[in-house]
Amino acid sequence: MATPTALLDELGKRYTLSEIHIQRDDLLFLKVTKPQAVRFLKDLRDDAGYTHLTFMTNIDYIEDGRFTLTYMLHNYDTHHEIGVHVDLDRDNAEMDSIHNLWAQGRTYQCELREMYGIRFPGSPGLDDDFCLEGWDQIPPMRKEFDIVAFSEERFGNRPGRGSTDPREHMGTVMYPEHRDGTEH
Amino acid sequence: MFEPAAPVDLSSGKYLKLWQGPQHPGITGNMSLELTTCGDEVVACKTHVGYLHRGFEKLMERRTFIQNFTIVCRIAVPEPTFNEYLYAAVVEELSGIKAPERAEWIRTFNLELMRLGSYLMWLGGVGAAFGQSTIYQWTVTHRDYILDLFEEMTGARVYHMYIVPGGVRGRLPEGFEDRARKVLDGVERLLMDVEKILFNNVVFKTRTKGLGVITKDMVDPYGITGPNQRAAGFARDVRRDSPYLMYDEVEWDVITGTASDTYERAWVRLQEMHQGIRIMRQVLDRMPTGGPFQTPLPNVLHWEVPKGETYIKAECTRGEYGYYLVTDGSQYVRRVHVRGPSYTHAIALMEKMAVGTNIADIAGLMVSLHTYPPEIER
Amino acid sequence: MKPNQSALGPLMNEGLPPEDRDLFSNARPVLYEPYPVEVVEKFVNWVRANSLWLLAFGTGCGAVEINPLMTARYDAYRMGVQTRPTPRQASVFLIGGYASVKTLKRIIRSYEQMQGPKFVVCLGICPINGGMYWDSYNTVNQFDLYLPVDLYITGCMPRPEVLMAGVLELKKKIMEGRADGANRYVENFDWYKANQKRVIKNWNMPDYNW
Amino acid sequence: MSLKDLISPFYVWQRAFQKPYTQKRPIEERPGAPRYRGFHINLTEECVGCGSCEAICQNHAIDMVKVEGLEPRNGDSGLRPKFDYGRCCWCALCVDICTARSLRLSNHYAWVTEDPDAFHFIAGTDAMPWNQNSLGYRRDDDYHLLTHDRIEMDALSPEESLKGFDEVMKGYTEEQALLEADRCVECGICVATCPAHMSVPDYIKAVRNKDWEGGLKLLYETNPFSTTCGRICTHRCETDCVLGLQGTPIAIRWLKRAIADRVPAERYAEILNDTFTENGKKVAIVGAGPGGMSAAYYLRKQGYGVTVFEAQAHGGGMLRYGVPSYRLPENQLDKDIDYIRSLGVDVRFNTRVGQDVPFSELMDNHDAIFIATGLSSPMKLRIDGEEHPRVVSGLKILDDVAKGQDPGVGKRVAVIGGGNVAMDAARVSRRVGADVTVLYRRRIEDMPADPEEIHESKAEGCHLVPQAIPVKIKDADDPNQVVIVWGEAEMVSDAKGGRPRPVLQEDRMHEETYDTIVSAIGQGGDYDFMGECLGSIEQKWGKFIPGAYQQTGVSKIFVGGDIANSTADAISAVEDGHHAARGIHRFLSEEGLQ
């Protein structure tokens, strides 16, 4: 079985790999382009022995306007893991489906559609409810979704709470005259 | 790999839609199976989850690194320690902290004890699912003795919040080792009894042998891990393949099976409980009693973990449990993803395996896959 | 205090498609009236207090401590407690901690299917004021907005011993004739319904599910 | 189906003869484990209300609330944590982080009620059934969430430091500063204690973020003597720092210095960006010490024309002439003063009011006057022989050294006193090669000098003799020497609960000969220049008693600094100046001064 570096050399001939980062001896991350991604995953699975899809998830880089999908693949023979990143456009996130490669891919894609609003055309049951039911807001895992405000508005909190800031309290009681309003 | 279910015409009157769960005694935790049946036979199954969805991954994005340590244990209720350990491990790796050796031993013990407790609960569930409620009464009680140990060690029965990034939160109490050994002896005796009255029970054997066979070629496409995979003959165990904590310091065997049916999976787990006891006894023998058990952390009130990402996994009772952490150098995580084995076992795998079984076996099949809904939906 | 239930008119079942509305009852729940003879009511309450049947619905993580409670070590059976698989047979609904919106819908449905007298006991911190998940987008923060609660047991988790203490407290309350949650539900039905529909956005069931 | 499989289950019967699992009375029989994380207990007396528990609580289960009968005071916010048991998850992070170690958990775990609003209580104050429980979770001694030990600052060794007047403390390196700043819990309790109420948590945060410029701006909001105070401040804040409750307090003073040292003087104007428009009003300030210059800074920022009259040739007052340069190098003091002068503050050096310029001129030509002349007249020992020529004041020695002259103390020196001036005089004398003995009336822990100064004096070889009361000074055989008679003292506790009092032991008297006796027991003020105005200004024990905003009985005269406060340190003077500036602004603007 090829070592990860040899494997990368080999794959690098056929794919545009970037941001290769070796986190540990048994874990590396790399990025492939969106059009190549599914073929790349299939090659990893079929040719390189990375047969186990550990998980698939998404990272929201709201400041860069992108989503980064992460597919984590595991090789049972070398006990090596590869995290494959794929950048998507955050505003119009769409990705090829991997439900034909791994059975649980469908579930992950359904979850990502619900939690981030990423489309995976062709993935069965993509629009079914996964965790949420009757959700009427933007997908909740997106960074711009403010859960505190939402929870406060929708579910409320029991009254009878209220806190005093020690520094503020001491200032008001102990040296009111000595405050210029520049206090922080 | 996804095979669409055969077209079912509900209006034909031949089929019946049957919901098992969420309020149903034959379901593990709070989830539901939408079964389409023809007579007694299940022709299609769809798993519905989300009844326990709390949005952990989102909650964790707005809590500081120390605050998260209190919340992760809630992700898998009967097995909080795996979450605690994995969260601590990912944070330690990214912030370059190494827990002291003594803490590593304590953690190993903690994890194995939790595994045993969780298996006992599962064993009770197996008993209950196949009408052997006596087993349930025994095992839950013995699990309670384990919870007593946890209470003594960590200060809580269920949510221990003991494995903190950097180490553990306290030394073991005086005389703990002796009491732990006593509990282990008790569980070992119990397991022998269980073997006699459950595993040798003709009813159990008849109902479980040949039920829900996972073939070898299903394992990778469905992402099956843990005992479910080992019962199919794969000697794969994270503790052996990518050793963490002190697992390469102690002697134990990876248990595998061949038949890969419900009985075999139960049998593999029973043997793993014995292995767990074996590991714990060695840990108790070798655990250092002095030295530090915590590496100092930066001020946790404004702790910033350097930018990076990592994935760490551990072998929990149900298979590969892992934490994927992405940080951006701030006081908060950029993204954390919890990989629980139930995710694929309870959905993709269950939906496939339920087809062709009898309604009455669904509960047994479910329990033989050993799934926890909270780790699916988080 | 007690509004005339019939004066409020039938339920509209607006969540159902128009063609299905006739298939379901549109009657409102009715108030429980105590027996006119006090001694009889007291006796009946004593009976009720000593056969508390829990609905086996693990709605949240609190359910994990029900297992020890109902097995050999703590053995709640000796207190007249047992679990029942169906709401029709149960009289006590243990809310096992947090209630996600999705589960809340099932909780309401199960609760309304329970026969009176029925009691709701909330376990843990989450139903009181949100607890661990006070800022979660999918769990309710104050359970008493949605169903009447007779007793709260704080803790995370509440241990089996506290659950037993809770059972004893509930018994006391029932015997004193103060466990009137079900009646409060009837009296403030519209208020509860409005609160429920405020969080459950896909209300596709009848308004009262008995 | 084998026969064995059929029979085997009946093995269950053997259990019928075993002890049952059932616990007879679980509620009574099973208290929480000794380490159980049950309900909260707070030792109200030890708690200082820092709010770290609230800060770390991920469930927002803790509110800091006012407690009846508990007023805020230095080192205690008077607030106490109130718990919401509809939120708390008993993770005990609050216990782990508790700076006072007053918060703990009991092993009590049962609370059942029908009222959902009942689950609030102030731990330790409200009567809860578990308040007396002795068991429950405590932080393990070997487990910490906070760093209790201060990051040490590099310093010259005593041998090196004795060689000259180079600054002893080298200042934090960036790495050290970050580590030290990281210890802060940002409670802000120190802010009240700081006489200038500096935004300590904020500028420590700026250090953590390496935001030196932002930090400097924060410093100047309340203190234009940051470089100086970062070195010689009496750091009362550190006394009340909550980190000091279990370890050493944050080195707040050093962190202030860390900021100021990292911004070069040339960049001050650009960073602080103090812009203002002249408002045409004029204020005179007497004394260019920290009080006067601070008032000048804040008044100037509001557009006042400020003239400072200073008797000496340089600004800084006691900071220059009373603090030796190994503690505060002159160029560092100049950095602060020069920036204030750069704003257009007119400082007239070598101009003694009442001598070079009449006080009446100040009164006539200015809209307001701020007087901060400081205490420059040494107090008398009030013992026989005090007028001996070999008895000199500590200030005189420091003044000589500051002006580059040899103090001429000889080989054997006795310093009388325990304040900073005494320590400085002793250390200066060590530097010019004398053997130094320090005689102090009370115990070492009673000394008003900074602990660092005491420590460094000892390290540099000063011989500290506590509980020594001078009785008499007389001539020695050698005219260049002097004899002191002192007696040992016993500390007698005060019946009224005050601090213990030294009582002379007549039978244990000592007579020793020295080249010089340095008297450094304090200083007094000289207010003669003010003439008749003096009569309208309240005085007590030789100090002015100003009213609100440092105003005196003569409404346009404001006073501050050592002559008007009891603490007599730089930071108090800075605040007096700042506060007088507030007062003068109110007095001269439409707001008025009530």
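A nonpolar core is taken here as a set of buried Ala, Val, Leu, Ile, Met, Phe, Trp, Tyr and Cys residues joined through C-beta atoms within 7 Å, where buried means that 20 or more other C-beta atoms, placed from the backbone, lie within 10 Å of a residue's own. The structure is a predicted model, in which local features need pLDDT of at least 70 and side-chain atom pairs count only at pLDDT 80 or more, while totals for chains, interfaces and linings use all residues. Residues are numbered from 1 along each chain as its sequence is written, and chains are lettered from A and ligands numbered from 1 in the order in which they are written.

The largest nonpolar core holds 399 residues, and D:Cys94, D:Ile259, D:Phe370 and D:Val415 have the most contacts inside it. Helix α4 (residues 101-129) of chain B contributes the most to this core, 16 residues; helices are DSSP runs of H or I with at least four residues, numbered from the N terminus.

A pair of helices in chain D is also worth a look. Helix α6 (residues 174-182) of chain D packs against helix α12 (residues 252-262) of chain D at about 135°, the axes being 10 Å apart; axes are lines fitted to C-alpha atoms over the stretch in contact, and angles run from 0 to 180 degrees between N-to-C directions. The two helices, α6(D) and α12(D), are therefore oblique to each other, since angles under 35 degrees count as roughly parallel, over 145 as roughly antiparallel, 65 to 115 as roughly perpendicular and the rest as oblique. D:Ala177, D:Glu180 and D:Ala181 of α6(D) meet D:Trp254, D:Leu255 and D:Ala258 of α12(D), contact meaning C-beta atoms, placed from the backbone, within 7 Å.

Definitions and conventions
Two residues are in contact if their C-beta atoms, placed from the backbone, lie within 7 Å. A residue is buried if 20 or more other C-beta atoms lie within 10 Å of its own, exposed if 12 or fewer, and partly exposed in between; C-beta atoms are placed from the backbone.
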